[in-house]
Amino acid sequence: MSATIEPNAPTRGDRVLAWVERVGNKLPDPFILFLILFLTVGVISTILAATDAQVTLPGADEPLVINGLFTAEGMTWFTVNIGANFIGFPPLLTVVTILLAVTVAERTGLLAAAIRLTLASAPRWLLPYVLGVVGVTASVMADASMIVIPPLAAAVFKAAGRHPMAGLVGGFAATGAGYSTSLVVTSLDALFSGITNSVTATLPDPGAAVTPVSNYYFNIASAIVLALVAGFVIDRVLEPRMVRQNVPTDEVEDDADDRFESRDEEVAAALRSHRQPLEAEVTPRERKAFRAAMATGTVLVVAMVLAVIPHGSPWRNDDGGFLPESALMDSIVFITFVLFLAPGIVYGFVAGTLKTAADVPKVMGEGIKEMAPFLVLAFMLGQFIALFNWSNVGPALAKVGADGLQATGLTGFPVIVGFIILCSILNLFIISGSSMYTIMGAVFVPMFALVGFEPGFTQAAFRIGDSATQVITPMNPYMFVVLMMIRKYEPTAGLGTLISRTLPFVVPFWVAWFLVLVVFYFGGLDVGPGVGPRMD
């Protein structure tokens, strides 16, 4: 390691980030945070109800009455609906379903094989840009992407004669800073759309229906631009700096590193707790399995297209089309589920990572185990959202906020800019996108809807603030996972080392992503099917 690297010597930036970490550590656990918010809304709603507070929304015939939680009616509502509030939390319907299939595709090795084949087939000079594409699309693997992409990218970069650290850090930065966008529909799209719909349900005009594809056009444009930005930063900034600092290109030998040694050979590889590390080179059997999986996916896509082509298809709406609503649009969860599950199963059996049909539900169960923390948090999120809607505090707050915005004159695009900046700052402390959007969406989606912004457009703007800054905050637990990977090359590397390498991605990502939003807004372009920037 070069003597110029001093990860243990704090810089001014390290001290600032240390302050951020201390402040962030003072925030309660997300579950407790939303419990506090739930009780806060309960108290506020009770006070407002005691004063017979009402609010009249634009376009509504009758004023909304504020319902108090700590009243006879409120406590009856809560005791009767506590289970329904949890199960009715919209993201559960979509996220859990999609995750079952994605887990099969990930644990059988299909997603990793797709990544390696994409990277390995790229020319040496093109690798950073291909990694950028893979990174910003990898959110389809959910949080697993931040663990899978970096070491695979390091292996491929080294095999191509490029610096493995550029692949490792660049893979993490592209995946993390671009986490809220992708070239394909992901469970995050379903999560955000579910939250958006849950907070617009009480509005007299909720705008265009929001589905998992309501930001798809914006996501495609963002993913392409961010992939190019990521590739440029990796190629022109990160890798040259690694070379100048003489960062090692080989891992430090560790004689005790036998954690991948499998002790359960009779168990399917997709279920093993000690799985073999993946090499950059794809084996002939994996290639055969990948071709079989892609053929399966192709057959399914063709079958779906043939099913919706006929004019009388039951997947069309009453007008014979698909937008703004139709059975096809409502089947996005099913389509995503099938296109991950079926190819994943085929890959697993051909590659040998699945042994029997009984392994498939077991693998799905592993996905639910990994999702357990979210399910626990979803219980409290569901209670908060349900109370926010039932009490009518949300619409009342939105009306007050909208009136305030109108009074200041900031009812156009500048207020969206402020919203994105606020989200970017909060993202340094609240890493969970679902947690932050539950708070921000509950207030700002209806507020902005009342001043003319489509809820789907506000959701698109939130994506920028939700991602760009999360690769420089110690509150991101995956920062420490990646730091452990870096220490295989540099045993004395510290958090400042990692932050100094991911920081060059943050501002370019934020600015480029924001400019994409500017083009969509001032160009009057739809951010997704039937969803424009402004309500008609």
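Biologist: Which element is methionine 484 found in?

Modeller: Helix H19, which covers residues 477-486.

Biologist: And how far is methionine 484 from leucine 495, C-alpha to C-alpha?

Modeller: Those C-alpha atoms are separated by 9.9 Å. Along the chain, the two residues are eleven apart.

Biologist: Zoom out. How many helices and strands are there in the protein?

Modeller: The protein has 20 helices and two strands. Of its 536 residues, 56% are buried.

Biologist: What share of the contacts join residues at least 24 apart?

Modeller: That share is 79%, counting contacts between residues at least 6 apart in sequence.

Biologist: And the surface?

Modeller: The accessible surface comes to about 22700 Å². Carbon and sulfur atoms account for 66% of that.

Biologist: Now the inside. Which residues have the most contacts inside the largest nonpolar core?

Modeller: Phe218, Ile416 and Leu517. That core has 121 residues. Helix H20, residues 495-522, supplies the largest share of it, with 14 residues.

Biologist: What is phenylalanine 218 in contact with, leaving aside neighbours within four places in sequence?

Modeller: Ala460, Ile464, Trp513, Val516, Leu517, Phe520 and Val527.

Biologist: What about a second core? Which residues does it include?

Modeller: The second core is separate and has 30 residues. Among them are Leu117, Ile335, Leu341 and Tyr347.

Biologist: Which residues make the nonpolar surface patch?

Modeller: Ile32, Leu35, Ile36, Leu39, Val43, Ile47, Phe70 and Met75. The patch is about 660 Å². Helix H2, residues 30-50, gives the most to it, with six residues.

Biologist: Salt bridges now. How many does the structure hold?

Modeller: Seven. One of them pairs arginine 162 with glutamate 239, with the closest N and O atoms 2.4 Å apart.

Biologist: Where do arginine 162 and glutamate 239 lie?

Modeller: Arginine 162 lies in the loop between helix H7 (145-159) and helix H8 (164-177). Glutamate 239 is in helix H10, residues 216-244. So the pair ties together parts that are 77 residues apart in sequence.

Biologist: Are arginine 162 and glutamate 239 buried or exposed?

Modeller: Arginine 162 is buried, with a relative accessible area of 8%. Glutamate 239 is buried too, at 9%.

Biologist: And aspartate 235 with arginine 236?

Modeller: Their side chains meet in a salt bridge, 3.3 Å from N to O. Arginine 236 counts as exposed, at 54% relative accessibility.

Biologist: What about arginine 501? Which residue does it form a salt bridge with?

Modeller: Glutamate 490, with the closest N and O atoms 2.7 Å apart. Arginine 501 is in helix H20, and glutamate 490 is in the loop between H19 and H20, eleven residues apart. Arginine 501 is buried, at 2% relative accessibility. Glutamate 490 is buried as well, with a relative accessible area of 0%.

Biologist: Which residues do salt bridges with shared partners join into one network?

Modeller: Arg162, Asp235, Arg236 and Glu239.

Biologist: Last topic, confidence. What does the pLDDT average?

Modeller: The average is 82, and 83% of the residues score at least 70.

Biologist: Which elements have the lowest and the highest mean pLDDT?

Modeller: Helix H1, residues 12-25, has the lowest, at 50. Helix H3, residues 72-87, has the highest, at 95.

Biologist: And where does pLDDT stay under 50?

Modeller: Over residues 1-11, for one, where the model has 18 contacts beyond four places in sequence. Residues 255-263 are below 50 too, with eleven contacts beyond near neighbours in sequence.

Biologist: How should I treat stretches like that?

Modeller: Where pLDDT is low, predicted coordinates should not be read in detail.

Note on methods. Residues are numbered from 1 along each chain as its sequence is written. This is a predicted model: local features need pLDDT of at least 70, side-chain atom pairs count only at pLDDT 80 or more; totals for chains, interfaces and linings use all residues. Side-chain values use heavy atoms; hydrogens and water are left out. Helices (H or I, at least four residues) and strands (E, at least two) are DSSP runs, numbered from the N terminus. Buried means under 20% relative accessible area, exposed over 50%, partly exposed in between (1.4 Å probe, protein chains only). Contact means heavy atoms within 4.5 Å. Accessible areas come from the Shrake-Rupley method with a 1.4 Å probe; for residues, only the protein chains shown count as cover. A nonpolar core is a set of buried Ala, Val, Leu, Ile, Met, Phe, Trp, Tyr and Cys residues joined through side-chain atoms within 4.5 Å. Patches are made of residues with over 30% relative accessible area and no salt bridge: like charges are joined within 9 Å, nonpolar side chains (Val, Leu, Ile, Met, Phe, Trp, Tyr) within 5 Å. A salt bridge is a side-chain nitrogen of Lys or Arg within 4 Å of a carboxyl oxygen of Asp or Glu. pLDDT is the predictor's confidence in each residue, from 0 to 100.
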